[in-house]
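Q: Please take a close look at a single part of this model. Start with one residue, then build up the chain around it and finish with some points from its partner.

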Amino acid sequence: MKEISEDHFFLRMYNKKEHYPLTGQIELTCKCNLNCVHCYCKGSEEKNKELTTKEWKKIIDEIYKEGCLQLTFSGGEPLVRDDFLDIYSYAKAKGFLITIFTNGCLLTKEIIDCLKKSPPLSIELTLNGISEAVYESITQVKGSFKRVMFVIRELATKNLPLILKSNCLKQNKNETGRIKAFTEELLGKGHKRWRFKYDPMIYAGRNGDTTPCSYRLSSEELLETRKSDPEIWEEYEGRLCGEFPELGRGKEFLYRCNAWLTQFFINPYGRLKFCEFSDKFSVDLKSQSFRDGFYNLFPQLLNEKFKTDSRCKDCSLRSICYHCPARAFLETGDEEAPVPYFCELAKATAEQMNVKLLR
Amino acid sequence: MENSELLRKSKDMVTRVIENETILLPIYKTSEEINCIYSLNKVASRIWELIDGKRALSEIKKKVLKEFDTTPEEVDKEMTKLLKDLKEIKAIV
């Protein structure tokens, strides 16, 4: 018998590069107790269509049989559902390694005690401000800052695996470094399950609403944010030292993401998807099998080619660009269309890499 | 390790087969320990499968000898090591 870390095991599995449903993200609901200005879920709620506890358990049984090992429960806010603990415990008893994406505000003593007894792999809690004014200018709910700070301290006291994460927005651009400092003071440094992470990208709403994009930082502001903390900057610089990654496929092919080989998403209504931002190549698990969707439908995206003369096709920066068909469709309604903001970021990254722009 | 000993699996240990590899996952673990899982080779995996609270160790050994191209000494060695490890992580009671 060999004791191995979960990370080592996953790395070994990913390196096999086989089509296998190793990890899945389950969006339990699109509903949320907060009203964050940049949320991509807002407006995509479908009333009375969310799966029931029984339906989720049936799906969990199905993906268990297919050999999935890691599940992320997300939303919306997954704790809005009053059956969250029931679904969590059910999946946990089956041996899934579980990550919870949450804003934290609804973590009650009862839930925290249950998580302490049967801990998740990780709780990823979004903390988008370290002052009440900034945090609540994003969540738009009075009292939410006080509540989240109380919960964070409770989780830390119980030593539950906690990652505090922050999006980079206009509102909190001066607080990223301070949120990281707060995290490290509370949780310590140098541990993978107790740490800070940040996400520089804000996405358009899944209902096509581009309002969230108006809160994005410019490439200059993102640079400033990264410079606000020496370690964040060091990490960013480290990534810039590499060569441009290979696309791995001919430039005529539309999709260059391989995440679908080992990952899947299921939305609150039971739709199995290869990507959280796209409904293409998706199936309804209420009437079709997981196996059918994952193994027969997902690979069809490999056949998709550019149908237009989009300049993204021949762009030399494609391999470092945020552009992908799903994100482009969300933002422009056309999966092949360039997204000016992504172009700006890719150029800025290339400049930091000291790469001569070829176009 | 007595040949007549009957061992049972702990209810707090889940067995999963992921891409043909048997792994053991503890359900109730502390947050600090959660970042580890236990991987079994083919012989160990079969021994683990046969532990059911009813079969004696001698019976398990016989079955393994029959199913694998191995020697009694090798099976003894494998079983002794495995059972020690399983007891250590409280996978068997």
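A: Leu7(B) lies in the segment before β1 (13-18) of chain B. Here helices (H or I, at least four residues) and strands (E, at least two) are DSSP runs, numbered from the N terminus. This is a predicted model, in which local features need pLDDT of at least 70, side-chain atom pairs count only at pLDDT 80 or more, and totals for chains, interfaces and linings use all residues. Residues are numbered from 1 along each chain as its sequence is written, chains are lettered from A and ligands numbered from 1 in the order in which they are written, and side-chain values use heavy atoms, with hydrogens and water left out.

Leu7(B) is buried, at a relative accessible area of 5%. Buried means under 20% relative accessible area, exposed means over 50%, and partly exposed is in between (1.4 Å probe, protein chains only). What does Leu7(B) touch, not counting residues up to four places away in sequence? Its contacts are Ile51(B), Asp52(B), Gly53(B), Leu57(B), Leu83(B), Lys87(B), Ile92(B) and Val93(B). Contact means heavy atoms within 4.5 Å. Glu78(B) is 71 residues from Leu7(B) in sequence, and their C-alpha atoms are 16 Å apart in space.

Now the chain around Leu7(B). Chain B has three helices and three strands. From the N terminus on, they run β-β-β-α-α-α. Of its 93 residues, 47% count as buried. Take the contacts in chain B with a separation of 6 or more: residues 24 or more positions apart account for 53% of them. Chain B exposes about 5,200 Å², and carbon and sulfur atoms supply 49% of that area. Such areas come from the Shrake-Rupley method with a 1.4 Å probe; for residues, only the protein chains shown count as cover.

How confident is the predictor? Chain B averages a pLDDT of 88, and 89% of the residues score at least 70. That score is the predictor's confidence in each residue, from 0 to 100. In chain B, confidence is lowest in strand β3 (residues 36-40), at a mean of 91, and highest in helix α1 (residues 42-50), at 95. For the complex, the predictor gives an ipTM of 0.87 and a pTM of 0.93.

Ser45(B) sits in helix α1 of chain B. Ser45(B) counts as buried, at 15% relative accessibility. Leaving aside neighbours within four places in sequence, Ser45(B) is in contact with Thr22(B) and Leu40(B). Thr22(B) is 23 residues from Ser45(B) along the chain, yet their C-alpha atoms are separated by 6.2 Å.

Lys90(B) lies in the segment after α3 (72-88) of chain B. Lys90(B) is exposed, with a relative accessible area of 64%. Its phi is positive, about 60°, although Lys90(B) is not a glycine.

Gln140(A) has a phi near 60°, a positive value in a residue other than glycine. Its place is the loop between α5 (132-139) and α6 of chain A. Gln140(A) is partly exposed, with a relative accessible area of 45%.

Next, the cores. A nonpolar core is a set of buried Ala, Val, Leu, Ile, Met, Phe, Trp, Tyr and Cys residues joined through side-chain atoms within 4.5 Å. The largest has 98 residues; Ile26(A), Phe73(A), Leu127(A), Ile152(A), Leu155(A) and Phe264(A) touch the most other members. Helix α6 (residues 144-157) of chain A gives this core its largest share, six residues. A second, separate core of 23 residues includes Leu24(B), Ala44(B), Val64(B) and Leu86(B).

Finally, two helices of chain A. Two packed helices are described by the angle between their axes and the distance between the axes. The axes of α6(A) and helix α7 (residues 176-187) of chain A come within 10 Å and cross at roughly 35°. Axes are lines fitted to C-alpha atoms, for helices over the stretch in contact, and angles run from 0 to 180 degrees between N-to-C directions. From α6(A), Met149(A), Ile152(A), Arg153(A) and Ala156(A) meet Phe182(A), Leu186(A) and Leu187(A) in α7(A). These residues divide into six nonpolar, no polar and one charged. Ala, Val, Leu, Ile, Met, Phe, Trp, Tyr, Cys and Pro count as nonpolar, Asp, Glu, Lys and Arg as charged, and the others, Gly among them, as polar.
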